[in-house]
Amino acid sequence: MPEIFTEIMLASRTKSKCDSIAERIGGNRVRTAQVDADDVPQLVALIRSFQPDLVVNVALPYQDLTIMDACLETCVSYLDTANYEPKDEAKFEYKWQWAYQDRFKKAGRPW
């Protein structure tokens, strides 16, 4: 869907994995970066440098809230592929992420 996703940033703790995916996709529209999804300032810096319209989170479920915090700080829309779970507690529950709904609305961003 190059007409919709004109430019893509793949970011992970291990940049070489992103580079491998980008190489297989081909073209110059996929950029890669190294980032620690547990580190909000790193995420904010990456988001500000790339300036995406949307962050699609495919990270581990316990990293959802830090990525959401970075999206709020940079006023970027957020799409998740998982449900937040605390790192040390196996518990499937929506309350943590639903608590962000009003914050995203106040920021004028859909989530």
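Ala, Val, Leu, Ile, Met, Phe, Trp, Tyr, Cys and Pro count here as nonpolar, Asp, Glu, Lys and Arg as charged, and the others, Gly among them, as polar. The structure is a predicted model. Its largest pocket holds about 1100 Å³ of space, and six salt bridges are counted.

**Largest pocket**
- The lining consists of 33 residues, with Met 9, Leu 10, Ala 11, Val 55 and Val 56 nearest the centre.
- Two or more lining residues come from each of β1 (8–12), α1 (15–25), α2 (40–50) and β3.
- The most come from β1, which gives five.
- By class, the lining has 23 nonpolar, five polar and five charged residues.

**Salt bridges**
- Glu 7 and Arg 31 pair through their side chains at 3.0 Å, N to O.
- Glu 7 sits in the segment before β1 and Arg 31 in strand β2 (residues 30–34), so this pair ties together parts 24 residues apart in sequence.
- Asp 36 and Arg 13 form another bridge, at 3.2 Å, N to O.
- This bridge ties the loop between β2 and α2, which holds Asp 36, to the loop between β1 and α1, which holds Arg 13.
- Arg 13 and Asp 36 also belong to a salt-bridge network with Asp 38.
- Arg 103 and Asp 69 form a bridge at 3.6 Å, N to O.
- Arg 103 lies in helix α5 (residues 101–106) and Asp 69 in helix α3 (residues 64–74), so parts 34 residues apart in sequence are tied together.

**Surface patch**
- Ile 4, Phe 5, Leu 54, Val 56, Val 58 and Leu 79 make up a nonpolar surface patch with about 530 Å² of accessible area together.
- Leu 54, in strand β3 (residues 54–57), counts as partly exposed at 36% relative accessibility.

Key. Residues are numbered from 1 along each chain as its sequence is written. This is a predicted model: local features need pLDDT of at least 70, side-chain atom pairs count only at pLDDT 80 or more; totals for chains, interfaces and linings use all residues. Side-chain values use heavy atoms; hydrogens and water are left out. Patches are made of residues with over 30% relative accessible area and no salt bridge: like charges are joined within 9 Å, nonpolar side chains (Val, Leu, Ile, Met, Phe, Trp, Tyr) within 5 Å. Accessible areas come from the Shrake-Rupley method with a 1.4 Å probe; for residues, only the protein chains shown count as cover. A salt bridge is a side-chain nitrogen of Lys or Arg within 4 Å of a carboxyl oxygen of Asp or Glu. Helices (H or I, at least four residues) and strands (E, at least two) are DSSP runs, numbered from the N terminus. Buried means under 20% relative accessible area, exposed over 50%, partly exposed in between (1.4 Å probe, protein chains only). On a 1 Å grid over the protein atoms alone, a cavity is a set of points where a 1.4 Å probe fits but cannot get out, and a pocket is an open set with protein on both sides within 12 Å along at least five of seven lines; lining residues have an atom within 4 Å of a point. Grid points are joined across faces, edges and corners, and a volume is the space filled by probe spheres set on the points.
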